[in-house]
Amino acid sequence: MAYILLRDLDIPDIGKLDVYTTNGGWEGFKKAVTQHTPEEVINIVIDSNLRGRGGAGFSAGRKWSFIPKNEPVKYVVVNADESEPGTFKDRQIMEKNPYQLIEGAMICAYAIQATAVYIYCRGEFWDLAHNLEACIAEAREQNLIGQNILGGNWSCDMFVHLGAGAYICGEESALLNSLQGFLGQPRVRPPFPAQKGGGLYYEPTVVNNVETLANVPWILVNGAAEYKKIGTPESPGPKIFSVSGHVARPGNYEVPLGTTFRELLFDKAGGTGTNKAFKALLPSGASGPVIPVTEQMLDTPMTYEALGKLGSTLGSASFILMDESTDMVWAAYKMIKFFKHESCGKCTPCREGTHWLAKLMEHVIHGEATMLDLEKLENVAKQMNGKSLCALNDFAINPILATLKHFRSEYVAYIKTPAPAAKPKQPAPVKKQLEEVAEPAGD
Amino acid sequence: MVTIYIDGVGYEVPAGTNLVDVAKFYADNDIPVFCYHPKMAPVGMCRMCLVEMGSVEKDKESGTVLLDEQGSPKIRWMPKMQTACTQTVYDGLAIRTNTQQVTEAREDIVEFLLTSHPLDCPICDKGGECPLQNLTMRHGPGVSVFYFEDKMHLAKHVPLGELIYLDRERCIQCARCIRFSDELAGDDVLAFHERGRALQIVTVSDPPFDSKFSGNTTDICPVGALTTADFRFGARPWELKEVPSIDPYGPEGANISLSTRLDRDSGGGIIIKRVMPRQNEHVNEIWISDKTRFGHHHTRHIDRLVTPLHREKNTLIETTWDKAFKQIIDKLKGATSVGAIAGPGLSNEDLWELRQLVLAVGGSEKSLGIWPATMSGGEVVKQVGIAKGSNFNTMGKGTVIVLVATDLEEEAPIWWLRAKAARDRGATVVVLNGRPTKMDRYAKFSLRHEYGDAVGAINSLTAHIVNGNHHKADRAEGFAELQKALKKVKADDRYAAAAEAIAGADNVVVFCGAEGVTLAQHAELMQACANVLILTGHVGRTNNGLIPVWPGANTQGAIDLGYTAEATAELLQNPPAVLIVAGCNPVGEDIAAANLRNADFVIVTSQFDTATTAIADVVLPQQSFAEREGTFTSGERRVQRFYAAQGVIGESFPDWKIFAQVRHAIDKSTAKVSAGAVMAEITKSVAAYSAMGYKNLAQVERQFPDVGGTDQYYGGTAYQNTGGIGVQWPVSAENAEAKLNVVPVSSEKSKAKGLLVVPTTLLYDRGMLFVRSEIMSLRIPPAHANFSPADAQKLKLQDGDMVEINLEGASLTVQIIVNETIPAGVITLPKCLSDQPGPFAPMVAGSIEKVAQALAATGD
Amino acid sequence: MGLINGLMTTIKHVLQEKATFQYPEVERPVRERYKGRHALKRYDNGMEKCIGCALCAAACPADAIWVEAAENTDDERYSPGERYAKTYEINMLRCIFCGYCEDACPTEAIVLEHEYKLSFTDRRDSIYTKDMLIDPVPPGGQDTPHQVEPHSYDRPIPDMENPK
């Protein structure tokens, strides 16, 4: 089957405008502009049940439909701040197949009758940003972007903006703040970006992920019904999975949603490539709760719903694999340090909580912790849960809570100091006590 | 009004208000907050105000509230807790604040905040009035499992400018200071730097923290992270005695609280340790300018005069009160003519007793002058002054605020702050001036006119209003004449849109200053403003009318008691035989006052040695505002009391007492023994002041937001108003029957040729009282004049050159600043920056000579 | 019989050890926890322990303590923290020797010692100033103010911890 998103694998030169055009490029856009009203385009995308590929999995078409019709100024913002650890799917699209993103963004812009499109790239993507700018300039020459597009009344320009390398700017309202030149901190919602007062420059704004928009041209050309044939009814369409870590063949894999883990991890990525077995998987970069790799898990189809049932999320679908040799405590420590570094500092629980968790994990790693500290880790994480403006706070506690839940014994192994007894009336010998706790006695 | 449910109880509250505010005001339910402040937009960052939130379920068809079995409304609760501070109330909103979940959330947030907060409450200036302390006591977990060694160690002594210090460890990143400077003061001077736990406050302006309102950030800081250089470690808050007082500098009548304490270094007397704002939502809300906050040092300055002085063999030597009185009484009894010039800081009681004295020794109202004598128009104010009960807090959409010939931020910073806040709520701002000022950034109409043509500019507005038939002449007496005169006015098209906005507005407030106009022109300018207000019907109603931007704290009071600037002008021209100069320094400030040397006998009451005491025959030590009781009348005609706060310095007396004693010796009248008794007499004699007895003035009312007391967490450390909110006197326009005078005003420009020197007012000047606050010395600019680039080029002058400007016989050496905002043909010369007197009225410059090159001169 | 009983008591007491002391020649020893005159303590290097927080004054039920604080600088450092007591006075006529000041002190700077011989001939003499209250500089220490290297003392209060 031909690729839909990673078309560069089929047509190596698709990054050139003429190659893209001769291979069916811009057809979806032309069809949308010349044959459909904006409302029809939105309805097609709603029908296709295309779900946002950024992480939350919200219906893209419905998001577009929230934009008020009568506002004179509206924006489309492309979230190309791909900063989730282990995620590199958007990068490949922008690098190899940029026109598909540009076309998708323009279809979205047409659907909501936007006045401008901004592509917000993470700071490290500066070469991609220059490339995108060149692509946009070429498309502008062809009257696909700019004034009176394709001879009609609608005008819309496209700009590329570079961030300064903050993870939090992948959060849509922080992204908008950053785009406006403010500190990259999330905004209070409501008003939501789609509402007047909540978007870019306080105008209604659609914020979509690169991969989401890259799906759109295909949907316009082939229709919603065709699209829904790919994947599962709840999660239709192709999905790029970024696979990295302890696998034989790391990389981006485009497979329909609903493919099982086994198929992706073994058939495509080739297993660990060593004689070690998989131990655990981070399904969504650092932000999703870690899942232990089990036989049952390997047979789970990869959809938004199924991963919810596993107690995790599909998120950005960037799988970081860890084999048996991995120290899960060390991994959790790395991740909490990451979140501590990336917390924007706006909300108290996240700013102080990540700092505290990192300190506690430091004690654990250095062997200075006691059993009480493990309890403390859990308590602090729970104390943070659900108390902040954006999701970073809740992401930050995932690595701790999930590793504590699934790999508690590894934590216990780190504890060298005799624990002050949790129940003081049991003056049991230290060794015995450790064994007792080491048993998987739930959380 | 909408119904909301707090902990199961329904409350009727105004729609569109903030949930934290209404919970506090209507339900007496204190939702704890750190980052939220009732004067600023919510940001929801501290997460302290998390509550369970939900909506009442309503029947879809009938809209009636569904009830459960117990008969209380059914509520659909949200799964997660929400921040109350970011929630606007709507009908059917329900919150729970007393559940375990909420209590635990509060404990959690306090614990998180304390993980990085140092345990230095014992030495913290905020300790004892600290929101974090209070809320920790109220909502904290009591214990923390955080390891003490894991605490952050950050810089504790970071100067944000020379006035404010930042303690990075104590900061809880609530952004109140950033938001205040940005949103309210309009000064982009503070910002966050870095992110996460490293997030910190930095100043981004040069000079650092360059704001006239910087001190307010220390009040609203919910921890002791921001402290003032003035008070740092001065005392513990509980040791201070708060005395209600009034700002002695500005016409806004800002309410302040003087924090006083005994002090060893000051000989064991009571001194002012700091000045804090006192809440008065009608006047200054909870803000004061840095001039008010840090300008109190004159009250106990080492140079204060402590004994009377009299002239003997051409030098002033110390004498006793008895001898000084005897001399004064002798002179006054035989005087052929008597005159008095009253300073801007004299209380109504002082002014009254001075007036009575002058009248008793043969003077008339024509010999009662005010200082500074730059503004006229007391009669106009009596008619169309801003109506009683007006409040900038209630201005917003539909209000037009007009600024005429004033640089409001420099002249009356609190009015500027409040007018700007009204503008942010939707009011339209119109600025008419000869040069751009800070308010122009926020103005919808920035209208430039030639200096000297302010009256013409207003006439243009009037002409547009009348020509466009926007006027209502029903209350205007003399409209026919005005109409006839307006026919000759060529209405400038640039004013058309502004005129329409003014005519169509619900409310109009006009601030009238005196920048670039002479005293005679100013009388016309005030009348011109009155014409606009009367013809558009914007008089006599709340939030409508004229506010003169008086030059002093009690200029309005002086005018109410019969003093005029015109009398001063006359006294300067023809000095009387015996002249009393009370609490001001005309000779040192204004070149036009040089003539006063010709008076036979000059009596001066003063706190300091000045150029005016140098020409005096008798100098009497005067008490500062902090040592005595009295009243000031603000530019909004609000009479307000201030109370005695600090110990008396030397043998000084309040002016009213001095003048009452002298009069007693002359006409055997009963000398009043208290300021209250003087005010009692004023209430009987001056109709407008009939309700101004001290008891009335001391009345307080519940204000919103609640600030002070145990509620410091909420509005900051502004102090509760215990001294009285004051009483306004009504203007005649408030009587619906009263006819109001519209008078044609001449808009002739002065015809003199040459560079026009326009004196301007700066907030931080070298006035005789303010200059004693050394802490502010870096903020007072050197004596300078602003030249337009064109004029500078013509005169071959460069930025930084020192020049000598000759003006009507006097000369003034200043540094020049080439400033693009100054129109060609004009030099703006800030008043009171130099030791030499300067002009107080615009005048044509004589020769201008360069005395030093730029580089050599910039050292100052 | 009554007489004998009375005499017996007398004889018994004559034989007992004397309860009185020939003060001022002989001084009665005081108990370890006796609360006498206050002393302001120093660290071993001579730095003052008092940080001028005035909590002792706040705790004082007799309003006997008067503190005025000032800020330390690296050139003139009196205490290790940010602040020190510029003026520290106790009015011994007012003091009731309850020891609340000792409890309130966060740095253990004020201690009620064993000195009890307080007498004055003038009311004004009852005010003990900082010079009179502060301990002598310990051997090896240096009298305040110290001149120290910049940033060698950057803590607000030395060794303040969570209450355990």
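## Contacts between chains

The contact between chains B and C draws 14 residues from chain B and 20 residues from chain C, two residues being in contact if their C-beta atoms, placed from the backbone, lie within 7 Å. The side of chain B that touches chain C comprises seven nonpolar, one polar and six charged residues. In this classification Ala, Val, Leu, Ile, Met, Phe, Trp, Tyr, Cys and Pro are nonpolar, Asp, Glu, Lys and Arg are charged, and the others, Gly among them, are polar.

The model is predicted: local features need pLDDT of at least 70 and side-chain atom pairs count only at pLDDT 80 or more, while totals for chains, interfaces and linings use all residues. Residues are numbered from 1 along each chain as its sequence is written, and chains are lettered from A and ligands numbered from 1 in the order in which they are written.

Of the two pairs of chains that touch, chains A and B have the most contacts. That contact takes 25 residues from chain A and 25 residues from chain B. On the side of chain A that touches chain B, H13, helix H14 (348–365) and helix H15 (371–384) of chain A each supply at least two residues; helices (H or I, at least four residues) and strands (E, at least two) are DSSP runs, numbered from the N terminus. H14(A) gives the largest share of this side, nine residues. By class, the side of chain A has eight nonpolar, 10 polar and seven charged residues. Chain A and chain C are joined by no contact, and their closest C-alpha atoms lie 16 Å apart.

## Helices of chain A

Helix H13 (residues 328–342) of chain A also packs on helix H16 (residues 392–406) of chain A, at an angle of about 170 degrees and with the axes 9 Å apart. Axes are lines fitted to C-alpha atoms, for helices over the stretch in contact, and angles run from 0 to 180 degrees between N-to-C directions. H13(A) and H16(A) are therefore roughly antiparallel to each other, a term for angles over 145 degrees. From H13(A), A:Met328, A:Val329, A:Ala332, A:Met335, A:Ile336 and A:Phe339 meet A:Leu392, A:Phe395, A:Ala396, A:Pro399, A:Ile400 and A:Thr403 in H16(A). The residues of this contact divide into 11 nonpolar, one polar and no charged.

Helix H3 (residues 38–48) of chain A has A:Pro38, A:Val41, A:Ile42, A:Ile44, A:Val45 and A:Ser48 buried. A residue is buried if 20 or more other C-beta atoms lie within 10 Å of its own, and exposed if 12 or fewer do. Seen down the axis of H3(A), the buried residues fall within an arc of 160 degrees, so they line one face of the helix; the arc is that of the directions from the helix axis to the C-beta atoms. The face turned away from the buried side of H3(A) carries the exposed residues A:Glu39 and A:Glu40. The cover over the buried residues of H3(A) includes helix H2 (27–35), helix H4 (60–65), helix H6 (98–112) and helix H9 (210–228) of chain A.

Most residues other than glycine have a negative phi, and most peptide bonds are trans.

| Residue or bond | Feature | Value |
|---|---|---|
| A:Trp26 | positive phi | near 65 degrees |
| A:Arg189 and A:Pro190 | cis peptide bond | omega about -5 degrees |
| A:Pro190 and A:Pro191 | cis peptide bond | omega about 0 degrees |

A:Trp26 lies in the loop between helix H1 (17–22) and H2 of chain A, and counts as buried because it has 23 C-beta neighbours inside 10 Å. B:Arg47 belongs to the loop between helix H1 (19–27) and strand S3 (50–56) of chain B, and is buried, with 29 other C-beta atoms within 10 Å. A:Pro190 is placed in the loop between helix H8 (172–179) and strand S4 (205–209) of chain A.

Seven strands of chain B form an open sheet of mixed pairing, in the order S37-S32-S36-S33-S35-S34-S38; two strands pair if DSSP finds at least two bridges between them. Strand S37 (843–844) and strand S38 (848–852) of chain B are the edge strands, each pairing on one side only. Strand S32 (residues 756–760) of chain B runs parallel to strand S36 (residues 826–830) of chain B, joined by five bridges.

B:Thr536 sits in the loop between helix H15 (519–535) and strand S24 (545–548) of chain B. B:Thr536 is buried, with 22 other C-beta atoms within 10 Å. B:Thr536 and B:Ala503 are 33 residues apart in sequence and 5.3 Å apart in space, C-alpha to C-alpha.

Terms used
Parallel < 35°, antiparallel > 145°, perpendicular 65-115°, else oblique.
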